[in-house]
Amino acid sequence: SLASTAITCFTRGLDLRKGTEDVLCPANCPLWQFYVFGDGVYASLSSICGAAIHSGVITSAGGAVRVQTLPGQESYPAVNANGIQSQVLSRWASSFSVTAGIKNTALEAVGRSVSTARPSTAKRPKKTLDKKAGNKDCKADIAFLIDGSYNIGQRRFNLQKNFVGKVAVMLGIGTEGPHVGVVQASEHPKIEFYLKNFTAAKEVLFAIKELGFRGGNSNTGKALKHTAQKFFSLENGARKGIPKIIVVFLDGWPSDDLEEAGIVAREFGVNVFIVSVAKPTTEELGMVQDIGFVDKAVCRNNGFFSYQMPTWFGTTKYVKPLVQKLCSHEQMLCSKTCYNSVNIGFLIDGSSSVGESNFRLVLEFVSNVAKAFEISDIGSKVAAVQFTYDQRTEFSFTDHVTKEKVLSAIRNIRYMSGGTATGDAISFTTRNVFGPVKDGPNKNFLVVLTDGQSYDDVRGPAAAAQKAGITVFSVGVAWAPLDDLKDMASEPRESHTFFTREFTGLELMVPDIIRGICKDFLDSKQ
């Protein structure tokens, strides 16, 4: 049908789902409330009716508008036109343009939107579904850690709630968009609501309005640590593969230390932003125990994760730039941790000198290292190859995508028994096991376990593996010569070479191997 969809003053380009859509803007939208980005070509974050007035297609009396979806732009300029100041925006995923809608369509739509007693059922349900989905371009699970201390006080606490509400609305919360929750920091942290509790902006707004002020010291560090550890569990609504974000609001400065909390958050793969409001003045600095508190807590001290507002009054203009940051998932550098972003290949010596019972101890060692990582189709992956003179891929990186399956596959490895050709085995693993994943996002590690002298050269194959981007740890037991182990290991060799006289000693090395992998992972990211 030619009928237009009646929209509100705040419907954005990204709320529409068709390439071309006829819509009807209401009359008397308050001009100052419009968010418009660009000129002629508008970012899909913009209000459609705002863009239509800005470009002169309609006046504030409303009317019919045809919206055409366009690809994203590198940048959108700020231009003042027809009473609306559009704003600058860099890089957005999609855009739209507006032209005058068709008049007879308009009349039909006016007729419809006026006769609200019998709303057109053909149009309505589809719209609400789209609204439910939210802004699919913004992938984020967000905890707003609000300041409920005596520092901020009741009056500014209400302004803070107001600001958080505006941010929540502009994010485009929905089933397939961002999900948010709120934690209040005061003397003791209180999780007010979780990610899973609401998936519509209206509900979130209501929940924020209902929050009561707690008062007490601003133990932000304690609250940040609590939130990083407890808030983002799957049963509380965190989603696999979606960046985890904590936005810390801080009036003045914290009463406790943020450094440890920042470390914990990074370990848990959480991206911490700090919004500091009314930061300490020169005469207050004496009361602040650590002037560098922002740098210690944020995900990366690169300027992106810290945000300043001079006061809680008149903060509307700070909403959009913050939302833009929270929706830039490619900037969420802390989402990748050593636990969820590595491929670990185990190369296991199955030669006859090992023996069946010691081979079980080797498999136990492999299991205990693998257990520490978050194995999934979008997380870390594990593979195993057993070697004698021959090599046998026990399972590849793509065979098992859950931790349970990987651990059960390790338990089921059968001991081969035979000679020892470690060099050949390294070449085989580099080519067949790491080859298929070499362009993937994860960092590659090879753990070589052997109990004796290799019959072939190990130095060449190990150098080739390292050249292919694989970090090699060598673990030797019993008769494995130290020179061989050092020749295989990555630099610095001391920290990548391990040795124990007895197979029972392997167990003690597990934490060191895990720590070594994590250290290399972090060093590669700096």
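Predicted model: local features only at pLDDT ≥ 70, side-chain atom pairs only at ≥ 80, totals over all residues.
Me: Which feature does UniProt place at residues 141-326 and 343-513?

Reply: UniProt positions are given in the numbering used here, feature names are shortened, and annotations may be inferred rather than shown by experiment. The UniProt record, an unreviewed entry, places "domain: VWFA" at residues 141-326 and 343-513. Residues 343-513 are 39% helix and 23% strand, with end C-alpha atoms 14 Å apart.

Me: Is Leu-14 buried or exposed?

Reply: Buried means under 20% relative accessible area, exposed means over 50%, and partly exposed is in between (1.4 Å probe, protein chains only). Leu-14 has 8% relative accessibility, so it counts as buried. Leu-14 belongs to the loop between strand 1 (5-6) and strand 2 (20-25).

Me: Which residues does Leu-14 touch, not counting residues up to four places away in sequence?

Reply: A contact is a pair of heavy atoms within 4.5 Å. With those sequence neighbours left out, Leu-14 touches Ser-44, Leu-45, Trp-92 and Asn-135. Distance in sequence and distance in space can also be set side by side: Leu-14 and Lys-131 are 117 residues apart in sequence, with their C-alpha atoms 9.8 Å apart.

Me: How many bridges join strand 5 (residues 63-71) to strand 10?

Reply: Strands of a sheet pair through backbone hydrogen bonds, either parallel or antiparallel. Two strands count as paired if DSSP finds at least two bridges between them. Strand 5 and strand 10 run antiparallel and are joined by 7 bridges; Gln-68 has Ser-97 in strand 10 as its bridge partner. Strand 10 also pairs with strand 4 (residues 41-43), antiparallel and through 2 bridges, where Ala-43 stands opposite Ser-95.

Me: Why is strand 10 largely enclosed by the rest of the structure?

Reply: Strand 10 (residues 94-100) has 7 residues, and 5 of them are buried, so the rest of the structure largely encloses it.

Me: How many salt bridges does the count come to?

Reply: A salt bridge is a side-chain nitrogen of Lys or Arg within 4 Å of a carboxyl oxygen of Asp or Glu. By this rule there are 14 salt bridges. In one of them, Asp-141 and Arg-239 have their closest N and O atoms 2.7 Å apart. This pair links distant parts of the chain, 98 residues apart: Asp-141 is in strand 11 (residues 141-147), and Arg-239 is in the loop between helix 6 (220-230) and strand 14 (244-251). Asp-141 is buried at 0% relative accessible area, whereas Arg-239 is partly exposed at 21%.

Me: Where do Asp-512 and Arg-515 lie?

Reply: Both are in helix 16 (residues 506-525), 3 residues apart, which is about one turn of the helix. Asp-512 is partly exposed at 34% relative accessibility, and Arg-515 is exposed at 56%.

Me: In what order do the 6 strands of the open sheet stand?

Reply: The order is 19-18-17-20-21-22, and the pairing is mixed. Strand 19 (391-395) and strand 22 (497-500) are at the edges with a single partner strand each, so one side of each has no neighbour in the sheet. Within this sheet, strand 20 (residues 443-450) and strand 21 (residues 470-477) run parallel and share 7 bridges. Thr-450 has Gly-476 in strand 21 as its bridge partner.

Conventions
Residues numbered from 1 in each chain as written. Heavy atoms only, no water. Helix = DSSP H or I, 4+ residues; strand = E, 2+ residues; numbered from the N terminus.
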